[in-house]
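Have the coordinates open as you read.

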Amino acid sequence: MEFYKFNKEGSNEIGNYHSKSAFYSKILKTEEATNIGFIHIEPNGIVGYHEAPVPQLFVVVQGEGWIAGEDEKRITLKSGEGVFWKKGEGHASGSTKGMAALVIQSERLPNPYL
């Protein structure tokens, strides 16, 4: 048995998209180029606006924050809620109180509710 930590201390700071106080820790990468990881956004942190390079499922697992699409309208997400972005969809995310989200990304990732 092997134990792993996926907390912020084991994460890498997100340095692109004009992001601040946001961290990412990858869980695994499959043969099909699927990435599964966590994003930790500290209080007042932001992952800046960018286009999804592949379909992405973003699921809040702790805290709460917001996401914004191409219209820049912020929508609040709490633990247990998520969003699916299609390839090429522009978006940003952030939190005033702090948030951790599970992120699954893959060219072959289907929308879980279709």
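Glu72 counts as exposed, because its relative accessibility is 65% and the cut-off for exposed is over 50%. Keep in mind that this is a predicted model. You'll find Glu72 in the loop between β4 (56-68) and β5 (74-78). Its phi is positive, about 65 degrees, although Glu72 is not a glycine.

That loop is the turn of a hairpin: β4 and β5 have five residues between them, Glu72 included. The two strands pair in the antiparallel sense, over five bridges.

## Another positive phi

Ser21 is also a residue other than glycine with a positive phi, here near 50 degrees. This one sits in a strand, β2 (residues 20-29). Ser21 has a relative accessible area of 26%, so it is partly exposed.

## The overall layout

Zoom out and you get eight strands and zero helices. Read from the N terminus, the order of elements is simply β-β-β-β-β-β-β-β. Of contacts between residues at least 6 apart in sequence, 63% join residues at least 24 apart.

Of the 114 residues in the chain, 43% are buried. The chain exposes about 7300 Å², and carbon and sulfur atoms supply 51% of that area.

## What pairs with β3

Strand β3 (residues 35-51) has partners in both β8 and β7. With β8 (residues 99-105), β3 runs antiparallel and is joined by seven bridges. Asn35 stands opposite Gln105 in that pairing.

β3 is also antiparallel to β7 (residues 90-95), with five bridges between them. Here Ile46 has Gly94 of β7 as its bridge partner.

## Inside the core

Which residues have the most contacts inside the largest nonpolar core? They are Ile39 and Phe58, in a core of 16 residues. The elements giving two or more residues to this core are β2, β3, β4, β6 (82-85) and β8.

Setting aside neighbours within four places in sequence, Ile39 is in contact with Ile14, Phe23, Tyr24, Val47, Phe58, Met99, Ala100, Ala101 and Val103.

## Charged pairs

How many salt bridges turn up in a search of the whole structure? The search finds two. Side chains of opposite charge can pair when their charged atoms come close.

In one of them, the side chains of Glu42 and Lys8 meet at 2.3 Å, N to O. Glu42 lies in strand β3 and Lys8 in the segment before β1 (12-13), so this pair ties together parts that are 34 residues apart in sequence. Glu42 is partly exposed at 22% relative accessibility, and Lys8 is partly exposed at 29%.

Glu107 and Lys87 also meet through their side chains in a salt bridge, at 3.1 Å, N to O. This pair links distant parts of the chain, 20 residues apart: Glu107 is in the segment after β8, while Lys87 is in the loop between β6 and β7. With a relative accessible area of 46%, Glu107 is partly exposed.

Terms used: Residues are numbered from 1 along each chain as its sequence is written. This is a predicted model: local features need pLDDT of at least 70, side-chain atom pairs count only at pLDDT 80 or more; totals for chains, interfaces and linings use all residues. Side-chain values use heavy atoms; hydrogens and water are left out. Helices (H or I, at least four residues) and strands (E, at least two) are DSSP runs, numbered from the N terminus. Buried means under 20% relative accessible area, exposed over 50%, partly exposed in between (1.4 Å probe, protein chains only). Two strands pair if DSSP finds at least two bridges between them. Contact means heavy atoms within 4.5 Å. Accessible areas come from the Shrake-Rupley method with a 1.4 Å probe; for residues, only the protein chains shown count as cover. A nonpolar core is a set of buried Ala, Val, Leu, Ile, Met, Phe, Trp, Tyr and Cys residues joined through side-chain atoms within 4.5 Å. A salt bridge is a side-chain nitrogen of Lys or Arg within 4 Å of a carboxyl oxygen of Asp or Glu.
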